Amino acid sequence: MAQSIGNYLIQRLAENGVGHVFGVPGDYVLTFFKQMEESPIKVINTCDEQGAGFAADAYARVNGLGAACITYCVGGLKIANAAAQAFAERSPVVMISGAPGTREKQRGPLLHHTVRGFDTQLRVFEQLTVAAAVLDDPATAAFEIERVLAAARRHSRPVYIEIPRDMAGAEIGPLHRHAPVDEPGDPEVLATAIAEAVERMTAAERPVILAGEELHRFRLQPALAEIVHKTGIPVAATIMGKSVFPESDPAYLGVYEGAMGRDNVRDYVESSDCLVLLGAQMTDMNLGIYTARIDRRYAVYAASDRVTIGHHAFDGVAVADFVTGLAAHPWQRRQVPPFEHPEHPGLFNPSDRPMTVEALFRQINAFLEDDMVVIADPGDALFGAEDLYIHNGAHFLAPAYYCSLGFAVPAALGVQAAAPHLRPLVLVGDGAFQMSGMEVASIVRFGQNPIIVVLDNGGYGTERPMLDGAFNDVLAWNYWKVPEVLGAGLGIKVTTEVEMDEALSRAHANVGSVSIIQVMLDRNDHSPALGRLTATLGEGARGKA
Ligand SMILES: Cc1ncc(C[n+]2csc(CCOP(=O)(O)OP(=O)(O)O)c2C)c(N)n1
Ligand SMILES: [Mg+2]
């Protein structure tokens, strides 16, 4: 039976596990929105395109693939920042855009929303994705759709699909050529890399595994757990990979991030004679702003399609193949020097003291449950969250490398669409809330119940220790009154520890709608990790690094 290009794309998205598409319509993409509405896929229309992009990114991180759909240029260029973040942090999001029709483009170039030429947006997205396609030919559309979806899966990164508006309903041609299949790496190179890694890990006296975000993106947590439990080698996580290994597991050391992290984790990791970095990109944030001391001669490093062991490089070895290969090896369980496993910090006894960042994170620690997912916005929400104790795997989400403010609230929308059984606990600064907090409206519309904690320190607290000025202040909002404006939800303002305790209990019980807790903090208060970070970054911001 004849099928349209739009419906075929929807079918292939659904077959790849996409159940929700986030976006904002426009005239260039209305036909496709109607096609989605009439399909099993649910459309979640957001207040703003960037919110749709962040929601789709979070959805992809939880679900394995996400999608957003927007109109030409006015929407596309607004969602570009979210595509950039998804690229930088390896989140597979299909960015779908409407565009002027193929025939109208030939008639005259001055069509609304156009910037320079009709390919401006395509050229921008070519920089932000691993594959881009314009579905302007029914004969090749099916192949193009397969090609970009395969690239999204293969690289765990965003892709771009542009549908000229007269093509959404056009009849799609058959898939003439075979869709690209994931090219397997060279099995001999893989086997050699695994054998060399096994030899090093077995011979070492103090091996340590450092686990990163790519293990999460490629669904390798079970393989990681198998390696750790078979070998007896302890594991630390990078901040981007936080929660990729269950933090309550006795083999867990803590978050390693050079001088920014805890000393006992740092000492253990840096004194290792065989550090096995699995799926951890060597970013400044992962390496504690390059305060990490990692001697590559003694490291096994697998990330981004490359394995290096000491100074031997094995190109084209996919991290997934390497990690599953290590997991399959018949290891002998071994003894390693003792280490300090971080214990759960336990209950918190609130007093009438004014709220502090330290108390806030201790209270949240006591509050967290296994079915919660912590989503932290960049700022002290993220730095303080480093010390949170995440019980289960992958229940912590943050843009810990690209660090675009305003991620956390729309991310909650995406997480709860992908996993309705998880309750997001959103930690967001006042500055960040002012950027994308309007997506609480989308959360209300779609009946979700995240708990949103706004850290109200009167502005851009992260920046104050680096270089302060009135440019770091923001208007004091009554964030707790947002539910009143939206006509739904629970809002509470908190100034003391006891009030915070009560607010968390009330939010916990408020399962039917969103809760917003506004926490009043001193403008100069911050987490210990932020103190260590800004001491390093301040030098750079003032031009002294
Ligand atoms: C989109 C975006 N704009 C600007 C920045 C730079 N920036 C980093 S932290 C920060 C302050 C964030 O303020 P807030 O959300 O209130 O968190 P706080 O630092 O006070 O904890 C800014 C502006 C950024 N990371 N992302
Ligand atoms: Mg702030």
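How many cavities of 30 Å³ or more does the structure hold? The count is four. Before going further, please keep in mind that this is a predicted model.

Let me stay with the cavities for a moment. Rolling a probe the size of a water molecule over the atoms shows where empty space is left. In the largest cavity, that space comes to about 110 Å³. Its lining is made of 15 residues, and the ones nearest the centre are His 216, Arg 217, Met 240, Lys 242 and Phe 396. Two elements give two or more residues to this lining: helix H9, which covers 213–217, and strand S15, which covers 396–397. Of the elements, H9 gives the most, with three residues. If you sort the lining of the largest cavity by class, you get eight nonpolar residues, three polar ones and four charged ones.

Next, the metal. Which residues coordinate the magnesium ion, ligand 2? They are Asp 430 through OD, Asn 457 through OD1 and Gly 459 through O, at 2.1 Å. Along the chain, the donors of this magnesium ion follow the spacing D-x26-N-x1-G. Both Asn 457 and Gly 459 are buried.

Now the aromatic rings. The structure holds eight aromatic pairs, and I will show two of them. In the pair of Phe 22 and Tyr 59, the ring centres are 5.6 Å apart and the planes meet at 70 degrees; an angle over 60 counts as edge-to-face, so this pair is edge-to-face. Phe 22 sits in strand S1, residues 20–23, while Tyr 59 sits in helix H3, residues 49–63, so the pair ties together parts that are 37 residues apart in sequence. Phe 22 and Tyr 59 are both buried.

The other pair is Trp 477 with Tyr 479, and this one is stacked, at 5.5 Å centre to centre and 25 degrees between the planes. Are these two residues buried or partly exposed? Trp 477 is partly exposed because its relative accessible area is 33%, and buried means under 20%. Tyr 479, at 0%, is buried. Together with Phe 433, Trp 477 and Tyr 479 form one aromatic cluster.

Arg 157 lies over the face of Phe 87, 4.4 Å from the ring centre. Arg 206 does likewise with Tyr 268, at 5.2 Å from the ring centre.

On to the backbone. Most residues other than glycine have a negative phi. Which residues here have a positive phi although they are not glycine? Ser 156 is one of them, with phi near 50 degrees. Ser 156 lies in the loop between helix H7, 138–155, and strand S6, 159–164. With a relative accessible area of 2%, Ser 156 is buried. Cys 403 is another, with a phi of about 55 degrees. Its place is the loop between S15 and helix H15, 408–418. Cys 403 counts as partly exposed, at 25% relative accessibility.

One last residue. Pro 207 belongs to strand S7, residues 207–211, and is buried, with a relative accessible area of 0%. How far apart are the C-alpha atoms of Pro 207 and Leu 347? They are separated by 34 Å, and the two residues are 140 residues apart along the chain.

Methods
Residues are numbered from 1 along each chain as its sequence is written. Chains are lettered from A and ligands numbered from 1 in the order in which they are written. This is a predicted model: local features need pLDDT of at least 70, side-chain atom pairs count only at pLDDT 80 or more; totals for chains, interfaces and linings use all residues. Side-chain values use heavy atoms; hydrogens and water are left out. Donors are N, O and S atoms within 2.8 Å of the metal (3.2 Å for Na, K and Ca); water is not among the atoms, so sites may look incomplete. Buried means under 20% relative accessible area, exposed over 50%, partly exposed in between (1.4 Å probe, protein chains only). On a 1 Å grid over the protein atoms alone, a cavity is a set of points where a 1.4 Å probe fits but cannot get out, and a pocket is an open set with protein on both sides within 12 Å along at least five of seven lines; lining residues have an atom within 4 Å of a point. Grid points are joined across faces, edges and corners, and a volume is the space filled by probe spheres set on the points. Helices (H or I, at least four residues) and strands (E, at least two) are DSSP runs, numbered from the N terminus. Ala, Val, Leu, Ile, Met, Phe, Trp, Tyr, Cys and Pro count as nonpolar, Asp, Glu, Lys and Arg as charged, and the others, Gly among them, as polar. Rings of Phe, Tyr and Trp (its six-membered ring) pair if their centres lie within 6.5 Å; planes under 30 degrees apart count as stacked, over 60 as edge-to-face and the rest as tilted. A charge sits over a ring if NZ of Lys or CZ of Arg is within 6 Å of the ring centre and within 35 degrees of the ring normal.
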